[in-house]
Amino acid sequence: MAIFVSVLLLVKNSATFFVIMIGAYFLYTLITNHHWHWRRLITVPIQFAASIGAGVLPFVWWQWHVKQTFTVSKHQISTQAYAKQLSGESQQALLKIGHKFLNQIFSLNSLSTKGILLINVVLIVTWAFVRLRQHQRNNLLATAILLDVIFIAYYASLFGMYILSMPYAEAILLDGFERYMASTVILNLFIGAIALVRVLDRQQFEQNFAKRDTQAFKSATTKNIYQIATLVTGFFAITMMYSEITGTKFTNEMNHNTLPLQMSRVSKQWTHLNHRKVLIVDPEVVDVNDYYAGYVGRYWYFTDKAVGQEDFMMTPKVFKRTVEQYQYVAIPESHRTFTVLTKKVFHQHVVTGLFKVTKHGLIRMH
């Protein structure tokens, strides 16, 4: 319990919601999993407080460290910052965010909404079949209601994050909505699947574990259902696995000439922080215009002065002056204009590689 709470809180502040859910279930198990005795009135609160406290302690230590090290940080939970954010938003802005939020929730085009509906339909339909057709009590309806309560609570938590922590420009777009909802949808899908599997197990398998083996089914009908379901599931599993492998192989082939992989082929990474001026010669206009080439260069060479450039339509004199502004030139992919001008100015034939800039030309680095 303490380890899970600690990891969740340290990973991200928004994981506090899941810590509350886990804490509530932990308290429930402490109360129900033992024979009740008056001593439990003392031991249960102590066990609960000790476990939660041990999990929260690393997070409190981290918060103290952030507060002592940084004056302002997005990694710190601050009620003052939340109050300032809320006071800075007009009532009309909050209503717009709320309206957009509700539209997203009730939209059938929302992937998370589809997931929530799927979970509810499967659990409720199975509950109705087992309860009405098989005349057996089961907890699937209660599980569906519990998961819906968790979804509603998470919706409230997520909306609070949009109005308290996000700038209006991002909040009005519900930036990352499906990504945030995916975490709770997958979690509740897992919880619902556990309850569903247990109910199905009671329907199809011998419940006396002493007699249970691979051939011990409740009846011939359930055995037939199990065999057909296994065959169909296996078919789809193999098909999806093959599709995933093929898709991964295709992606790897398509990404073979992406800039980071090209950089790895022309030079090794620099692992020490430096301030060397590096020119990244990239023939792709898009990579330069959106600063992607510069970012890759900065991370690859661990310098804050890496710049990407594609346009070298200039005179040899200007070209020489431009190149000599840098200490190194990295050419991950052949650039025809740069190669031609290098031939004219430095009388060298360069195609790709990492070069050190000197007064007499470019020296290839190994």
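**Entry 1: His347**

I started with His347, which lies in the loop between helix 15 and strand 4. Helices here (H or I, at least four residues) and strands (E, at least two) are DSSP runs, numbered from the N terminus. This is a predicted model, where local features need pLDDT of at least 70 and side-chain atom pairs count only at pLDDT 80 or more, while totals for chains, interfaces and linings use all residues. Residues are numbered from 1 along each chain as its sequence is written, and side-chain values use heavy atoms, with hydrogens and water left out.

I noted a positive phi of about 60° for His347, although it is not a glycine. Most residues other than glycine have a negative phi. His347 counts as exposed, at 64% relative accessibility. My cut-offs for that: buried is under 20% relative accessible area, exposed is over 50%, and partly exposed is in between (1.4 Å probe, protein chains only).

Next I checked Phe302, also not a glycine, and got a positive phi of about 55°. Phe302 sits in the loop between helix 13 and strand 2 and is partly exposed, with a relative accessible area of 37%.

Which residues of helix 15 are buried? I listed Phe338, Thr339, Leu341, Thr342, Val345 and Phe346, in a helix that spans residues 336-346. They pack against strand 1, helix 14, strand 3 and strand 5; contact means heavy atoms within 4.5 Å.

Met314 was worth a look too: I found it in the loop between strand 2 and helix 14 (316-323). At 23% relative accessibility, Met314 is partly exposed. With neighbours within four places in sequence set aside, Met314 touches Gln309, Phe319, Thr322 and Leu341. The C-alpha atoms of Met314 and Phe338 are 10.0 Å apart, and the two residues are 24 apart along the chain.

I traced an open sheet of 5 strands, in the order 2-1-3-4-5, with mixed pairing. Two strands pair if DSSP finds at least two bridges between them. Strand 2 (306-309) and strand 5 (361-364) are the edges; each has a single partner strand, so one side of each has no neighbour in the sheet. From one strand to the next the twist averages 30°.

How do strand 4 and strand 5 run relative to each other, parallel or antiparallel? They run antiparallel and are joined by 4 bridges, with strand 4 covering residues 353-358. The bridge partner of Val357 in strand 5 is Leu362. Helix 13 (residues 292-301) packs on the sheet and touches strand 1 (278-281), strand 2, strand 3 (328-331) and strand 4; its direction makes about 145° with that of strand 2.

Strand 1 runs parallel to strand 2, with 4 bridges, and Ile280 stands opposite Gly308. Strand 1 also pairs with strand 3 in the parallel sense, over 3 bridges, and there Val278 faces Tyr328. In a regular strand the side chains alternate between the two faces of the sheet. I saw both faces of strand 1 covered: Val278 and Ile280 on one side, Leu279 and Val281 on the other, all buried.

**Entry 2: helix 7 and its partners**

I looked up helix 2 (residues 16-32) against helix 7 (residues 140-164): they pack at about 150°, axes 10 Å apart. Axes are lines fitted to C-alpha atoms, for helices over the stretch in contact, and angles run from 0 to 180 degrees between N-to-C directions. The pair is therefore roughly antiparallel; under 35 degrees counts as roughly parallel, over 145 as roughly antiparallel, 65 to 115 as roughly perpendicular and the rest as oblique. Phe17, Phe18 and Met21 of helix 2 meet Ile150, Ala153, Tyr154 and Ser157 of helix 7.

Then helix 9: its axis comes within 10 Å of that of helix 7, and the two cross at roughly 165°. That makes helix 7 roughly antiparallel to helix 9. The helix 7 side of the contact includes Leu147, Ile150, Phe151 and Tyr154, and the helix 9 side includes Tyr180, Val185 and Asn188.

Is it buried or exposed? Asn188 is buried, with a relative accessible area of 0%. Beyond neighbours within four places in sequence, Asn188 is in contact with Ile119, Leu147, Ile150 and Phe151.
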